[in-house]
Structures are given as structure tokens and as C-alpha cells.
Amino acid sequence: MTTTAIDAGSRVDEDTAGEQLFNELIAQDSRIEPRDWMPADYRKALTRQISQHAHSEIIGMQPEANWITRAPSLKRKAVLMAKVQDEAGHGLYLYSAAETLGTPRDKMTEDLIAGKARYSSIFNYPVLTWADIGAIGWLVDGAAICNQVPLCRASYGPYGRAMVRVCKEESFHQRQGFEILLELANGTPEQRAMAQDAVNRWYAPSLMMFGPPDEDSPNSQKSMEWKIKRFSNDELRSRFVGMIAEQVKALGLELPDKEIRYNEETGRWEHGPLDWNEFKEVLAGRGPCNAQRMERRREAHEDGAWVREAAAAYAEKQALKYAQAA
């Protein structure tokens with residue numbers, strides 16, 4: 001037997017043992033860590049999901065950052081600045097988690113800028129008024145919480161651990177948005193109308209954040225088998241509808257959906273039809289703000305090149321210094 005054949009046989013044995021351990025860990029609801037054996041498809045699915053999540057956090061800074069200088073008070077300005085900074089931190093946590101799977105951050109960024117990677121469709125809608133900042137906090141961040149809290153138990157360790165802090169901060173963001181809408185809803189007739197208009201426009205895009213219906217989501221089932229996801233798109237969407245159906249009563253506003261109801265037989269909240277053609281158009285890059293969001297991301301990447309180069313040069317200099325000292 002040749003050396004090549006022996007090596008190939010050893011790799012097969014290692015893969016068999018690795019796959020067995022992987023399946024046992026998944027069955028036991030334990031964590032997979034970066035150095036553990038994992039199927040190539042599991043690694044690929046995680047890299048896609050985590051990097052897309054990271055891209056969404058970074059792109060998601062844009063629509064709210066535009067309102068920092070236009071916030072109606074110093075308090076609102078400070079809170080919004082803190083929120084945008086949180087989103088930047090979330091992106092960094094998630095890029096770091098994705099890097100443990102073997103894909104460098106530079107490659108993930110290049111794929112985003114080249115249009116090869118996606119981010120959440122919700123950030124391709126315009127933010128027209130201050131009330132939109134409230135609606136984003138209440139609806140968009142509320143949907144994020146529904147989607148992301150189960151991810152704290154994701155089977156991949158670095159992802160699950162990163163999500164713990166992300167979810168704590170998203171809870172603050174959701175309460176901040178709710179409080180903005182509550183104040184507007186109890187303000188002048190014009191402010192109340194502005195709040196209702198924002199809710200009307202952000203309601204459907206927020207529901208579509210959970211992804212397409214289960215029958216049109218080919219990746220969901222496998223992700224659930226691997227315990228990356230814990231619930232299907234439709235299950236999470238139903239939970240979110242039930243949550244906001246009660247919260248909107250406290251706001252004194254209305255959801256633009258007369259078909260919301262709780263189905264006693266299925267135990268789920270139901271809602272009216274969503275425009276999935278619009279969802280597909282936005283994902284394909286033809287949404288209201290896709291081009292603008294990507295143009296600004298490219299500009300920021302290009303403008304920051306000197307910082308990355310300086311940091312790399314400093315790191316190289318320090319490494320040489322320590323090597324010489326040793």
C-alpha cells in the first residue's frame with residue numbers, strides 16, 4: 001500500500017470518527033467549537049449566516065446614523081449615538097465569530113462590497129421622519145430579538161456566546177424605539193399621525209425580516225436539524241405578531257393589518273398576506289435604498305484603507321520588535 005493510500009485511509013477514519021462525535025454533540029444539545037470536526041456544509045451554512053448577520057449590523061448603522069444630527073434633543077442624540085455604536089460592536093463580535101470558521105474578515109467584506117453577500121432586506125428602506133427611528137427600534141429591533149434570542153442556544157459556540165451580549169443590547173434598542181413612539185403617540189395630532197405613518201410603513205418589512213415562508217426557505221430545515229436555528233421562519237414571525245399585537249395597544253396606535261388573529265387550533269398568531277415579490281426585489285438589489293447603502297459602504301471601506309494599512313504596519317513593527325527581543 002502506498003503512503004498516499006495510507007494517508008487517505010487515515011483521513012477517512014478521522015472523518016468517520018469526527019462525524020460520529022459531531023452527531024452526538026448535536027443530539028446532546030452540546031456546543032460545536034472551532035477546532036471540532038464539522039461537516040463542510042455546516043461550516044458553509046454558518047459562515048453564510050453569521051457573515052450576513054454581521055453585514056446587517058454594519059449596514060444597519062447607516063439609516064439611523066443619518067438622524068443623529070437631526071435628533072430633536074440632546075438626550076435623543078446621545079441615546080441614538082449609543083445605539084449606533086452598539087450596532088458597530090455587534091458587527092465586530094459577529095465577524096470575529098465568523099472568522100473562527102476559517103474565512104478572513106477581509107474576504108467577507110470584499111464579498112459584501114462586490115455584491116456576492118447579502119444583508120437584511122429591512123435596511124434598504126428609507127427613514128423619512130424621526131418617528132421612523134421609533135418604529136425601527138420597536139418593530140425592527142423587536143423582530144431581531146424574536147429571531148436572535150433562540151440563537152443564544154445555537155449549536156456553534158462562538159455564535160451562541162456572541163448573541164448573548166447582542167440580545168441584551170437589542171432589548172435596550174427595542175425599549176428606546178417603543179418610548180419614542182409612545183411619546184409621539186401622546187403628543188400633538190401631527191406627532192401622533194407621524195408615529196402611525198411610520199408604523200404603517202415598517203410593519204410589513206419587519207415581518208419579512210424573518211425570511212420567506214417555510215415552504216420557500218430551503219436552508220431553514222437543515223439549520224434546524226443542526227440546531228443552528230431553533231424555530232422556523234413562520235414560527236418566529238407568528239411569535240413576533242403576537243408580541244406587537246399586544247404592545248401596540250399600550251401605544252394607542254394600530255397595526256395596518258386587519259387580519260391579525262390568534263388561531264386556537266394551531267396555537268399561532270396569524271396575519272394578512274405579505275408582498276413576497278417586493279421582498280425578492282429588495283433582496284435582488286432593487287429596493288428603494290440598496291444602491292445608496294452599498295455606495296456608502298464602499299466609500300467607508302475606501303476611506304478607511306489608510307487606517308487598516310497603518311494598523312497592519314504597526315502590528316508588523318511590533319512583531320519584529322518582539323522577535324528581536326527574543
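1. The buried residues of helix 12 are Asn 290, Arg 293, Met 294 and Arg 297; buried means under 20% relative accessible area, exposed over 50%, and partly exposed in between, with a 1.4 Å probe and protein chains only. These residues cover an arc of only 90° around the axis, which puts them on the same side of helix 12. The arc is that of the directions from the helix axis to the C-beta atoms. An α-helix has 3.6 residues a turn, so residues three or four places apart point the same way.

2. This is a predicted model, in which local features need pLDDT of at least 70 and side-chain atom pairs count only at pLDDT 80 or more, while totals for chains, interfaces and linings use all residues. Residues are numbered from 1 along each chain as its sequence is written, and side-chain values use heavy atoms, with hydrogens and water left out.

3. What lies over the buried side of helix 12, and what does the other face carry? The cover of the buried residues includes helix 2 (40-59), helix 3 (61-65), helix 5 (105-113) and helix 11 (276-286). Ala 291, Glu 302 and Asp 303 are exposed residues on the face turned away from the buried side. Helices are DSSP runs (H or I, at least four residues), numbered from the N terminus.

4. Two helix lengths were checked against the expected span, which is 1.5 Å times one less than the number of residues. Helix 12 (residues 290-303) has 14 residues and should span 20 Å; its end C-alpha atoms are 20 Å apart, which agrees. Helix 7 (residues 157-185) has 29 residues and should span 42 Å, and its end C-alpha atoms are 42 Å apart, which also agrees.

5. On confidence: pLDDT is the predictor's confidence in each residue, from 0 to 100. The mean for the protein chain is 92, and 96% of its residues reach 70 or more. Where pLDDT is low, the predicted coordinates should not be read in detail.

6. The largest nonpolar core has 49 residues, of which Trp 130, Trp 138, Trp 202, Phe 240 and Ile 244 touch the most other members. Such a core is a set of buried Ala, Val, Leu, Ile, Met, Phe, Trp, Tyr and Cys residues joined through side-chain atoms within 4.5 Å. Two or more residues each come from helix 4 (74-99), helix 6 (130-148), helix 7, helix 8, helix 10 (233-251) and helix 11. Helix 6 gives the most, with 10 residues. A second, separate core of 27 residues includes Met 38, Tyr 95, Cys 167 and Ile 228.

7. Gln 196 lies in helix 8 and is buried, with a relative accessible area of 18%. Not counting residues up to four places away in sequence, Gln 196 touches Leu 253 and Glu 254; contact means heavy atoms within 4.5 Å.

8. Two loop residues deserve a look at the backbone. Asp 29, in the loop between helix 1 and helix 2, has a positive phi near 60° and is not a glycine. Lys 227, in the loop between helix 9 (220-225) and helix 10, has a positive phi of about 60° although it is not a glycine. Asp 29 is partly exposed at 41% relative accessibility, and Lys 227 is partly exposed at 21%.
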